[in-house]
Amino acid sequence: MGGSAPFTKLLLGEIGPLALAALVSLGSGSGALLFSLAGTAAGTRRSQIEAPPGRNDIPWLIGVTLFGGLLAPVTLVYSLPGTPAATAALLLNFEAVATTLIAAVVVGEWVGRRVWAALGCITASCLILTWNPAGGLGLSLPALGILLTCLFWAVDNNLGQRLSAKDPLLVISIKGLGAGTVVLLIALATGEHLPGPAAAGAAMLVGFLCYGGLTSIFFLLALRGIGAARAGSLLAVSPFFGVLFSLLLFAELPAGAFYVALPVMAVGAWLMVSEEHSHPHRHPGVVHEHRHRHDDLHHNHGHEAGDPPLPAAGEHSHVHAHAELAHEHPHQPDIHHRHLHRRQGGGGRE
């Protein structure tokens, strides 16, 4: 994810913006599909390991395709030319802020004081980077475009929470190929031409490595395990790698505001990734399907006739039931810990 801004800006010199947005999405989707097909050819039955998306998941698939596969890449490629690559990479940290805010305010995930302080640091850093005395209202429009990109990705991340229990390879295949096809048709209709095989291949490789391919596969797994707010928090680390790539790839040096914003952003990122959370909580009874193993605190069920055999690695997928359970342990808002938190005296939350 951190390399998306500098590598995309590098490719904009050879490829039109819409064609580039289409190719990175197609690269992410086709790469995930190839991984899935390779596993099938090797004898892996993914339906026994991961739950495939079903009919009820269609609205969420449409949402992630629209916001994460179409709107975000298109907005980014039009915003990058007017922003230094290192500044753009650092601005992408706003995705962590927007993802966490949506998860906390709209979805209702618990967020502690440490994370709120981190959000304040990162937001202040982004405001410093968007300030431009020569621009309208004192703001840089290209920088605002990158913040809008982050907002689209934040919506994508929170919608993806609804798909996190499903097979990530299939989800990313549908998202990338669907969005890439739509943007490609728009690019051709507006007169953009496709680049040569080398440039197209490079764009698709960037899409698979830095956009919705490997990055989104790992992010969906993170959503499953730690929830949107915490997974979004970890995104606060990746833009610093983008800054490094930018300084290596481009001769341009960021403006003075960058050096003020960088340490503020670093403090915010550290506050986000170092948060811990534990309290007594109750799990209601539920029946669902997702990838799991039997050596955690929540999956002690037996297997019935028709369930897949327990593999040596321990991970498998089938419909299973959870009895009501109350206990306490350190946890994150994963698919088993999306409970509400009652207010305590003094205005805190448990």
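These legends accompany several close-up views of a predicted model.

**View 1. Ser28 in helix H2.**
Let us start with a serine. Ser28 belongs to helix H2, which covers residues 17-41. Is Ser28 buried or exposed? Its relative accessible area is 4%, and because buried means under 20%, Ser28 counts as buried. Look next at where its side chain goes: the Ser28 side chain reaches the backbone oxygen of Ser25, at 2.7 Å.

**View 2. Helices H3 and H8 cross each other.**
Here you can follow two helices, H3 (residues 58-79) and H8 (residues 168-189). Their axes come within 9 Å and cross at roughly 50°. With that angle, H3 and H8 are oblique to each other, and their crossing is right-handed. By class, the contact of H3 with H8 has nine nonpolar, four polar and one charged residues.

**View 3. The residues where H3 meets H8.**
Now step in to see who takes part. Which residues of H3 meet H8? They are Leu61, Val64, Thr65, Gly68, Gly69, Leu70 and Val74. On the H8 side you will find Val171, Ile174, Lys175, Gly178, Ala179, Val182 and Val183.

**View 4. Pro73, a buried proline in H3.**
Staying with helix H3, find Pro73. Pro73 has a relative accessible area of 4%, so it is buried. Which residues does Pro73 contact, leaving aside its neighbours within four places in sequence? They are Ala21, Val24, Ser25 and Gly68. Pro73 and Ile146 are 73 residues apart along the chain, and their C-alpha atoms are separated by 9.9 Å.

**View 5. Helix H1, largely enclosed.**
This view turns to helix H1, residues 4-11. Six of its eight residues are buried, so H1 is largely enclosed by the rest of the structure. The buried residues are Ser4, Ala5, Pro6, Thr8, Lys9 and Leu11.

**View 6. Phe218, an exposed residue in helix H10.**
We finish with a phenylalanine. Phe218 sits in helix H10, which spans residues 214-234. With a relative accessible area of 54%, Phe218 is exposed.

Note on methods: Residues numbered from 1 in each chain as written. Predicted model: local features only at pLDDT ≥ 70, side-chain atom pairs only at ≥ 80, totals over all residues. Heavy atoms only, no water. Helix = DSSP H or I, 4+ residues; strand = E, 2+ residues; numbered from the N terminus. Buried < 20%, exposed > 50% of the residue type's maximum accessible area, 1.4 Å probe, protein only. Polar contact = N/O pair within 3.5 Å; in protein donor to acceptor, adjacent residues only side chain to side chain. Axes fitted to C-alpha atoms, helices over the stretch in contact; angles between N-to-C directions. Parallel < 35°, antiparallel > 145°, perpendicular 65-115°, else oblique. Left-handed = near helix turned anticlockwise from the far one by under 90°. Contact = heavy atoms within 4.5 Å. Nonpolar A, V, L, I, M, F, W, Y, C, P; charged D, E, K, R; others polar.
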